[in-house]
Amino acid sequence: MNGRRVLIIGGGISGLSTAYYLGKHGIPSILLEKSGRLGGLIRTDVVEGCQLEAGPDSYIATKPAVTELADELPALAGQVIGSNDRGRRIFIVRNSRLIPMPEGMSMMVPGRMLAALRSPLIGYQTKLRFLTEIRMRPRKRRSDVSISEFIGDHFGHEAVRYLTEPLLSGVFGGDSARLSARSVLPRFLQYEEKMGSLIRGVRAEGRSGGAKTSLFRSFRGGMQALTDALADVIQSNTRILFKEASQVRREENGWGVQVDGEWITGSHLVLACPAYVSAGLLAGVAPALCSELDVIPYSSAMLVSLLYRKADLNGDLRGFGFLVPRDERRTIAAATWIHRKFPSRVQPGFAAVRAFVVDPEATALVAASANEVTGLARGDLARLATFSADPMAIRFYAWPRSMPQYLVGHGQRVARIQALTAQQNGLYLVSNAFEGIGIPDCVRLGKETAKKIAAPNG
Ligand SMILES: Cc1cc2nc3c(=O)[nH]c(=O)nc-3n(C[C@H](O)[C@H](O)[C@H](O)COP(=O)(O)OP(=O)(O)OC[C@H]3O[C@@H](n4cnc5c(N)ncnc54)[C@H](O)[C@@H]3O)c2cc1C
C-alpha cells in the first residue's frame, strides 16, 4: 500500500485492533497513547496469584469479533476461557434482600414463563403483563423512545424498576429513562417490529439453537492477555509513541497530529479515543463534527476488588453476584463473585469480590479517597450480602467519564457524525461511543475501518 501511513490516536482495544487489521492489509501506522501503557480500560492486576480486572472482566460471546480476532493471535491459542455458566444466577436486591432473577431471562425479558410466574421478585400485575405480552401485535415505532418507555409498554413499571434499571446500571452506568431503546436494545426492537412480543422473540432465539457455550468469555491470563497479544503482534507494522496528541490539522496529502509541539503527518487519521477527546482535537478543523461529538455524555465508574481467604468468608455468595436497583441503592450498583464467575482466576483457597459504583454515585464520590469508597462498598456488601470478612487485599480503580451514554436519538446523532466524518477525507472514528459499548463492537469497528482505509478509494 504505497504512500499510506495511518495515524492512530488512542492505544485501547479500539486503536490496537485498528492497527492490527491495518497491518493485515499491509498498511503501516503510528499509534499515539498518552498514558504510558497500552490497553486503555483493559487491565489485569495479579495479586497473590489471583487475577483482578481493573476494567472489563469478559466479553460477550454472541458477538463474534473478539473470538475471531483471538483465533488469529498465536499468543491466545488455547487461552480462551468461558464463564462458569452452571453457576450463572444473578440476584436482585428488593426490600434489602437478595432475590434470584427468574431462570431463563434474556436481560429483562423472560424466556421461561413458568420460572417468571413463580418468581418472588415481581408481583402478580407484572406476571399478568408477561402473560398478555405474548399476544402483542407487531409495531413499528416512528421515533426512538427511552428504554423505560419501551420496556414499560411491554411489561409495566415494576419490570423497569426491578429488572431493567439494575441491569442497565450494571452494564452502562446509565439511566433507563434517558437511554435509547433503539441503540441499546436493537434486538428487542426487531422482535417488536417482527413479532410484537419480546417474549416470543426470546423464545424463538432459544429454539434456533442459541449459544450452547459460555455467554461470557475471557482469557487465561485475564482480559489484558488480549491487548498484550495485540501490542506484541502490531510491533512489526506500527510505531508506538507514548505521547499525548494535543491537536490535529489537515495537511496537503492527509493529516497532521501535534505531539510535544512537533507535527507528525500521515495519510489517514483514526481517532480511537473518547468522543469528547476527539471533539477537542477536531475543534479547529471540523466544528460541526466537534459539536456532535462533544454532546455524547459519559458516565463514570469505580471498582472495588476485594480478595479473601475462603476460610474467612461468611455471608451470602450464591450465583455470580447481585444487582442493586436505584431505589435500593446506597453506594454500589452491583457485585460479582469473581471466583464463581471465572473460577480459574482465583487461586484455590481464595475468593474474590468486585463491587461497582456507577453514576450518579461515582460522580458524587469523585473527590472521595479510595479508602472512603472502599469502606462504603464494604458497608453495602455487609448490609446486602451479610458479608463482613476482612479482605487480605484490596484494589480500587476509578474510571471517570468512561462509559458513553446512548441517549434517546443516539442513532440519528451517529448518522450525522458519520456523514460529517465522511466529508473529512481520510478521517475515521473508532471507539465505543457510536455503535456498541462492548469490546466486540470496538474490535469490529477497528476491523471495518482498516478495510475501508485499505479500499482503493479509502
Ligand atoms: C468499569 C468498566 C467495565 C467494563 N466492563 C466491560 C465488560 O465486561 N465487557 C465489555 O465488553 N466491555 C466492558 N466495558 C467497556 C469496554 O471496556 C470499552 O468498550 C473498551 O475498553 C473501550 O476501548 P477503547 O479503546 O475504545 O477506549 P479506551 O480503552 O478508553 O482507550 C482510549 C485510549 O486513548 C488514550 N487517549 C485519550 N486521549 C488521548 C490523546 N489525546 N493522545 C493519546 N492518547 C489518548 C487513553 O489514554 C486510552 O488509553 C467496561 C467499561 C468500564 C468503564
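Me: Which strand holds Arg-401?

Reply: Strands here are DSSP runs of E, at least two residues, and helices are runs of H or I, at least four, both numbered from the N terminus. Arg-401 lies in strand S21, residues 393–404. This is a predicted model: local features need pLDDT of at least 70, side-chain atom pairs count only at pLDDT 80 or more, and totals for chains, interfaces and linings use all residues. Residues are numbered from 1 along each chain as its sequence is written.

Me: What is the phi of Arg-401?

Reply: Phi is near 45°, a positive value in a residue other than glycine. Ser-96 also has a positive phi, about 65°, and is not a glycine. Ser-96 sits in the loop between strand S7 (90–94) and strand S8 (97–100).

Me: Why does Ser-96 count as exposed?

Reply: Count the other C-beta atoms within 10 Å, with C-beta placed from the backbone: 20 or more is buried, 12 or fewer exposed, in between partly exposed. Ser-96 has 9 such neighbours, so it counts as exposed. Arg-401 has 16, so it is partly exposed.

Me: Is Leu-189 buried or exposed?

Reply: Leu-189 is buried, because it has 22 C-beta neighbours inside 10 Å. Leu-189 belongs to helix H8 (residues 186–194).

Me: Which residues does Leu-189 contact, leaving aside neighbours within four places in sequence?

Reply: Contact means C-beta atoms, placed from the backbone, within 7 Å. Leu-189 contacts Ala-181 and Arg-182. Its C-alpha is 8.9 Å from that of Arg-141, 48 residues apart along the chain.

Me: What kind of peptide bond joins Asp-359 and Pro-360?

Reply: A cis bond, with omega about 5°. Pro-360 is in the loop between strand S20 (350–358) and helix H14 (361–364).

Definitions and conventions:
Contact = placed C-beta atoms within 7 Å.
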